[in-house]
Amino acid sequence: MTEHTVKAFDADLDHLMKMVAKMGEQVEATFRDAVEVLIRRDDKLAKDVLDRGEANNALHREIESGAVLLIARRQPVAYDLRLIVAIWETAIELSHIGDLAKNIVGRLVAPSGSDVLAGASRGLRRIARAALRRLHDAVDSLVKTDAEKAERLWRSDQEIDAIYSALCRELLTYMMSDPQASPAAVNLLFCAKSIESVGDHVTNIADAVHYLVQGRRIEGVTSPQPA
């Protein structure tokens with residue numbers, strides 16, 4: 001390729017990376033607010049979260065279109081092709097996390113479940129903070145092409161698992177002690193699972209980053225195990 005073409009290609013790659021970094025920030029904020037919608041039962045914030053979900057979807061489509069166009073026009077190979085694939089895969093995982101946020105917003109707890117919600121709110125916020133911190137680190141590992149950081153994320157998820165297990169036990173206790181609390185507790189169990197599932201998408205992003213830098217997927221068992 002000519003020098004001009006190389007510079008134009010590099011600029012296109014940089015634009016793709018900036019878009020996926022922006023999408024990461026947007027999805028992180030949207031998910032955090034979705035959990036707050038659940039805890040505070042804030043209808044106004046719920047509408048804002050859903051509106052931002054549409055914006056995230058639009059950015060995902062733009063990244064996908066840009067990736068396809070770059071592959072078709074430039075026919076990249078080796079590292080450049082892996083970079084486009086890693087960005088594309090990351091955008092897909094971020095889109096899935098955005099869908100989880102919408103699921104949480106759709107499970108607002110009725111006023112009759114206020115006591116259960118109040119008791120579980122601390123655990124919900126804790127697991128959300130842990131999940132979103134890992135999400136932030138995963139997108140950062142892509143932006144900085146840090147394969148070691150990505151592999152550490154892929155192989156360790158103990159904090160989220162521990163908080164999720166404790167939260168499930170707490171909600172099950174509510175259900176056993178007060179059958180009338182069951183509908184609210186079941187709703188919150190589904191929400192807790194949605195938050196915990198962010199970790200699965202983080203490991204997929206981490207795997208994409210490792211593939212980008214090392215040229216191979218992370219070796220080992222199908223699902224991450226504690227280091």
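**Asking about D207 and a helix pair**

Modeller: Let's start with D207, which sits in helix α7 (residues 182-214); a helix here is a DSSP run of H or I with at least four residues, numbered from the N terminus. This is a predicted model, where local features need pLDDT of at least 70 and side-chain atom pairs count only at pLDDT 80 or more, while totals for chains, interfaces and linings use all residues. Residues are numbered from 1 along each chain as its sequence is written, and side-chain values use heavy atoms, with hydrogens and water left out.

Colleague: Why is D207 called buried?

Modeller: Buried means under 20% relative accessible area (exposed is over 50%, partly exposed in between, with a 1.4 Å probe and protein chains only). D207 comes in at 16%, so it's buried.

Colleague: What makes the pair of D207 and I218 a polar contact?

Modeller: A polar atom of the D207 side chain is 2.9 Å from the backbone nitrogen of I218. The rule asks for N or O atoms within 3.5 Å, where one must be able to donate a hydrogen and the other to accept it; residues adjacent in sequence count only if both atoms are side-chain atoms.

Colleague: And how do α4 and α6 pack?

Modeller: Helix α4 (residues 114-143) and helix α6 (residues 158-177) pack at about 165°, with axes 10 Å apart.

Colleague: How many helices and strands does the chain have?

Modeller: Seven helices and zero strands.

Note on methods
Helix = DSSP H or I, 4+ residues; strand = E, 2+ residues; numbered from the N terminus. Axes fitted to C-alpha atoms, helices over the stretch in contact; angles between N-to-C directions.
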